[in-house]
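Please read it beside the structure shown here.

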Amino acid sequence: MPGFELFDEKEIEALADVIRRKVVHRYSFQGVREGIYRVSEFEQAFAKRVGTRYALGVSSGSAALYVGLKALGIGPGDEIITSAFTFIASIEAILECGAVPVLGDIDESLNLDPASVESLITDRTKAIMPVHMFGAAADMDAFREICDLHGLYLIEDACQAVGATYKGKACGGLGIWGAFSLDPYKVITVGEGGMIFTDDEELYKRMEYYHDHGHLHDYSIERGAEKKACLGFNFRMSELQGALGLVQLSKLDRAIEAQKNNKKKILDAIGDVEGLSLRDLPDREGEIASHLVLMLPDGDAAMRFKKACAEAGVGCAILSDNTWHYAKHWATLREGKYYSRVRCPFDCPYAEDMPLYRPVEWTQTEDILSRSVMFGIDVVMDDAKIEKIVSGIKAGLKAAL
C-alpha cells in the first residue's frame, strides 16, 4: 500500500534538483527560480488525471478537508453528515469550522450507507461527505440523488482512495470538491501532503487564497508586494513535496496494478468459501486494492478467525476493534477534549443527553465491523509473503466456519 515502496533514484534526483536550485518555497523567489514551480506542475498533472479543472496542493489530507469546508463557508451551527467509520481528521475538519459532524451508519461497502442518511438531515444540514474507505468508492449516485433532492453539497473525503474510480470517473472529482491524502500510508506519498480538486473556479480561488494567508498569488511581482483577498492561514505545500509528488504520480498506475494483482493472487488461492464474503462495493473494478476485507457470519467467527491466523503467524484486524477508524473508540471526542476557539459541540456518542439529530449508537456499523477482518495489501509482495497470508487465511477459515 505505501507509495514509498516504489521510491528509487527518480525521487532522489527530483528532491536533489530542488535543493540544488535552493528554491523550496512554492511561491517566493521569482528572480532565481527560472519559472520552475514544481507544486504547480504537480497540481496540473493531478487535475488532468482526476479530470477536474483545478487542483490545490496543501500540507496534508486533513488540511485538504478543512480548507475545502472553509471555502464552502461552513461554520458554527452547520451540520455535515459523514461516516462513523473513517479517520478522525474527517471529524476534526468539521469541528475546526465550528460545525457539527453527524455520523451515519456504514453498509457492507464499509462506506457511509445512503439509507442511513435521510433521517439525519435537518434544516441545519449543509453537506453530505461520504468517505471512500480502504481505497473503494461509496455509492456516489445515491448520495448525489439525496443531495440534489435536499439542496445539499456533495463533498468527497477521498483521502484513502487516491487513484480509485467510480463508474469510470476518478474519485476526488465526483462532488463539489474532493480531497486526497498523500501521507506515508497512501498509495502515493509526499511524506505529508494533500490535494483538493474542484471544477468550480470561485471555490478554487477561495481555497487558494485561504490556504496561504489570503495571498492573491501574482507571479509577476515579489510575494511581499502582493495584495490580499482575505484572511487565511498557512497550509502550503513545499516545492520538495511537489517534486516528489510528480514522480510518485507517474508510478500510481503501477502501484495500483501491483496491489490488484497481489490481492487477486490471494483470493484465487482461497477460492469460493461458503459463509465468507467480500465487501459489497458499488464499483469493484474501481477499487485500488489497498486492503483485503473478509466478512464472516458473525463476531464470534471473526474472533476465531483472528486467533487462528495469529497462531499461523499472520496478523489481521477485526474492524470493530479498529481504534484508528471507528468513532466508537474516540475517547477524546466523547470527552470533549477539543482545544480550539470552538468548543466540541457534543458529548459522548452514547450519553443519555445526546442531541436527537445524531444516533445514540451505530448498531448496523457495529454488526458489520465486528464480523469483518482486514489485511493490508502492499505494492511489493513476493510469492512467499502471499503464500504465508493465504495459509493464515485458510487456517482462520477452518477455525471460523
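**Strand β11 and its sheet**

1. Leu278 stands opposite Leu294 in β11. The strand that pairs with β11 here is β10 (residues 277-278), in the antiparallel sense and over two bridges. Strands (E, at least two residues) and helices (H or I, at least four) are DSSP runs, numbered from the N terminus; two strands pair if DSSP finds at least two bridges between them.

2. The model is predicted: local features need pLDDT of at least 70, side-chain atom pairs count only at pLDDT 80 or more, and totals for chains, interfaces and linings use all residues. Residues are numbered from 1 along each chain as its sequence is written, and side-chain values use heavy atoms, with hydrogens and water left out.

3. β11 also pairs with strand β13 (residues 372-376), antiparallel and over five bridges. In β13, Gly376 is the bridge partner of His291, and Val373 that of Leu294.

4. The open sheet has four strands in the order β10-β11-β13-β12, with antiparallel pairing. Its edge strands, β10 and β12 (317-318), each pair on one side only.

5. Helix α10 (residues 299-311) lies across β11, β12 and β13, at about 35 degrees to β13. Helix α12 (residues 363-370) packs on the sheet and touches β11, β12 and β13, its direction making about 60 degrees with that of β13. Contact means heavy atoms within 4.5 Å; axes are lines fitted to C-alpha atoms, for helices over the stretch in contact, and angles run from 0 to 180 degrees between N-to-C directions.

6. Five of the five residues of β11 (residues 291-295) are buried, so the strand is largely enclosed by the rest of the structure. Buried means under 20% relative accessible area (1.4 Å probe, protein chains only). His291, Val293 and Met295 cover one side, Leu292 and Leu294 the other.

Terms used:
Buried means under 20% relative accessible area, exposed over 50%, partly exposed in between (1.4 Å probe, protein chains only).
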